[in-house]
Amino acid sequence: MNSEYQKPGILLAAFGTSVPGADSVYQDIQVRVESAFPGHSIYWAYTSKVVREKLRGRGREALSPLQALGLMGEHGFSRAAVQSLLIIPGLEHHDLIRVCAHVQGLPKGLEKISLGDPLLSLSEDLEKFVPAMLGNIPADRQEDEAVIFMGHGSSHPANIYYAGLQYHFWLHDQKILVGAVEGTPALDDVLLSLKRMNISRALLMPLMVVAGDHALNDMAGRQTHSWLSTLRSRGIEARVYLQGLGAFENITSIWLKHLQRAMDSLKSGQA
Ligand code: CO
């Protein structure tokens, strides 16, 4: 078959997780992508080198975005839609932008590559994300219980998305707090908000694609520095809900919309 008529390949680029079992969320996403884009070949790449090395050590295949795009060219694809399964357009996403730009148009490789935005990119993404996520909070949440979303955080300017997200949550619910393990708002900021509101109960949820290492350890771990332990040591009755964002259909739908846009822009560029 002439590759000109071939459907574009899809590359799903996630940060990756080394926690066995946590990656079942990626399989759920794969199923959603397959049914939304039937007949398209789906490839995976992990942006984290540490995760890739751990997975390979266990005999698993783990490609970088660069390797996956190279392979797709090798397999005869002329076009690829890359979907960033990241949350904010931070460092990892900007690396993806650069890789896609450099690989596109190389001899005997992919002629056209279109990259779909991460989960939270445009304001409309935040406006969709917030009510969807409010609907994903366990139904047994008590009225006086705060919900704390623990994101990753970034040294990239896009860290401001966490504050932006906090704003959008507050438009709906004052007792929703957004924090980041490696960024701002930090746990101290979250604690201050809890104190100001005189909150004595809180539910912790990861603001991450999978409930992996950060969720299991930094958020829910038994160690004294975990968010759960810290909250409890301040007299807050805290519990966790260990579900990654990728497990929620209404959240995956946002990534699927972005992938559709990437797919459309591949078409529009065709003569
Ligand atoms: Co980290």
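1. Let me start with a helix on a sheet: helix H6 (residues 160-172) lies across S5 and S6 and runs at about 170 degrees to S6. Helices (H or I, at least four residues) and strands (E, at least two) are DSSP runs numbered from the N terminus. Axes are lines fitted to C-alpha atoms, for helices over the stretch in contact, and angles run from 0 to 180 degrees between N-to-C directions. Contact means heavy atoms within 4.5 Å.

2. A word on the ground rules. This is a predicted model, in which local features need pLDDT of at least 70 and side-chain atom pairs count only at pLDDT 80 or more, while totals for chains, interfaces and linings use all residues. Residues are numbered from 1 along each chain as its sequence is written, and side-chain values use heavy atoms, with hydrogens and water left out.

3. Four parallel strands form an open sheet in the order S6-S5-S7-S8, where two strands pair if DSSP finds at least two bridges between them. Strand S6 (176-180) and strand S8 (237-240) are the edges, each pairing on one side only. On average, neighbouring strands here are turned by 25 degrees against each other, direction ignored. Inside this sheet, strand S5 (residues 145-151) and strand S7 (residues 201-206) run parallel and are joined by six bridges; Ala-146 stands opposite Ala-202 in S7.

4. There is another open sheet to follow, with four strands in the order S2-S1-S3-S4 and parallel pairing. Its edge strands are S2 and strand S4 (112-116), each of which pairs on one side only. Neighbouring strands of this sheet are turned by 20 degrees against each other on average, direction ignored. Strand S1 (residues 9-14) pairs with S2 over five bridges in the parallel sense, and Ala-13 has Ala-45 in S2 as its bridge partner.

5. H1 lies across S1 and S2, at about 145 degrees to S2.

6. For the aromatic rings, the count comes to five pairs; rings of Phe, Tyr and Trp (its six-membered ring) pair if their centres lie within 6.5 Å, and planes under 30 degrees apart count as stacked, over 60 as edge-to-face and the rest as tilted.

7. Now the open spaces. The largest pocket holds about 700 Å³ of space. On a 1 Å grid over the protein atoms alone, a pocket is an open set of points with protein on both sides within 12 Å along at least five of seven lines, a cavity is a set of points where a 1.4 Å probe fits but cannot get out, and lining residues have an atom within 4 Å of a point. Grid points are joined across faces, edges and corners, and a volume is the space filled by probe spheres set on the points. The largest pocket is lined by 30 residues, with Phe-15, Glu-92, His-152, Met-208 and His-214 nearest its centre. Helix H2 (49-57), helix H4 (91-103) and helix H8 (213-219) are the elements that give two or more residues to this lining. By class, the lining has 14 nonpolar, twelve polar and four charged residues; Ala, Val, Leu, Ile, Met, Phe, Trp, Tyr, Cys and Pro count as nonpolar, Asp, Glu, Lys and Arg as charged, and the others, Gly among them, as polar.

8. The second largest pocket has a volume of about 240 Å³. Its lining includes Tyr-26 and Tyr-46, along with Asp-23, Trp-44 and Arg-60. Helix H1 (24-36) and strand S2 (42-46) each supply at least two lining residues. The classes come to seven nonpolar, two polar and three charged residues.

9. The structure holds one cavity of 30 Å³ or more. Among the residues lining the largest cavity are Leu-12, Ile-29, Gln-83 and Trp-255. Helix H10 (249-268) and H1 each give at least two residues to this lining, and the largest share, four residues, comes from H10. This lining divides into seven nonpolar, two polar and no charged residues.

10. Thr-184 and Pro-185 are joined by a cis peptide bond with omega of about -5 degrees, and Pro-185 is found in the loop between S6 and helix H7 (187-196). Lys-108, a residue other than glycine, has a positive phi near 60 degrees; Lys-108 has its place in the loop between H4 and S4.
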